[in-house]
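Try each task before reading its solution.

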Amino acid sequence: MDKSAPDTGTREDTSDKIMNVAVRLFAAHGFHGVSTKQICDEAGANIAAVNYHFGSKENLYRAIVRRFGEVGFQRLAHLLKTPESADEMKVRLELFLDESVDLFRKAPDLSMMIFRDINLMEGLLKDIFEASFLPLHKAVVTFLEGARKNGLI
């Protein structure tokens with residue numbers, strides 16, 4: 001083995017695999033219905049892999065939701081610039097709704113996972129909800145208030 005070659009370890013591959021398996025299992029069984037052993041077994045990973053990569057099952061779940069919230073916010077927020085005309089408002093609103101539906105359509109297991117365990121938003125995920133999902137809600141409110149201020153609605 002060439003020691004001078006760059007490290008091409010599978011850390012990222014393993015963590016991505018764990019996340020993908022966990023999304024599917026959480027969607028099917030909920031957060032409390034899935035064990036780290038089950039996730040690791042189905043991901044083909046060592047039993048300690050969840051703890052190694054994420055620290056805990058809770059942190060794995062949080063990482064999945066955080067990533068979804070951040071990606072969603074990045075995809076949607078730019079569409080919510082205050083419209084200057086009725087046509088611009090219509091286009092921005094249509095694009096926002098299309099992109100929103102597309103986010104959930106392209107990730108049905110992730111969508112199911114989040115909606116299934118929505119009750120976790122108050123405790124386990126409150127900080128992620130406030131950091132990732134609430135700003136998008138505020139951007140929508142600001143968009144609508146700007147449209148109203150401009151006499152568009």
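**Exercise 1.** Find how many aromatic pairs the whole structure holds, then classify the pair F26 and F31.

*Solution.* The model is predicted. A search of the whole structure gives 7 aromatic pairs. Planes under 30 degrees apart would be stacked, and over 60 edge-to-face.

**Exercise 2.** Decide whether F26 and F31 are buried or exposed.

*Solution.* Buried means under 20% relative accessible area. F26 has 0%, so F26 is buried. F31 has 9%, so F31 is buried too.

**Exercise 3.** Classify the pair F68 and F104, and state what it ties together.

*Solution.* The centres of F68 and F104 lie 5.3 Å apart. The angle between their planes is 65°, so the pair is edge-to-face. Next, place the residues. F68 belongs to helix α4 (residues 57-76), and F104 to helix α5 (residues 86-105). The pair therefore ties together parts that are 36 residues apart in sequence. Now check accessibility. F68 is buried at 9%, whereas F104 is partly exposed at 30%.

**Exercise 4.** Which residues do ring pairs link into a cluster with F68 and F104?

*Solution.* The cluster links F68 and F104 with F115, F129 and F133.

**Exercise 5.** Which ring does the charged end of K57 sit over?

*Solution.* The charged end of K57 sits over the ring of F31, 4.4 Å from the ring centre.

Key. Residues numbered from 1 in each chain as written. Predicted model: local features only at pLDDT ≥ 70, side-chain atom pairs only at ≥ 80, totals over all residues. Heavy atoms only, no water. Phe/Tyr/Trp six-rings, centres within 6.5 Å; stacked < 30°, edge-to-face > 60°. Buried < 20%, exposed > 50% of the residue type's maximum accessible area, 1.4 Å probe, protein only. Helix = DSSP H or I, 4+ residues; strand = E, 2+ residues; numbered from the N terminus. Lys NZ or Arg CZ within 6 Å of the ring centre and 35° of its normal.
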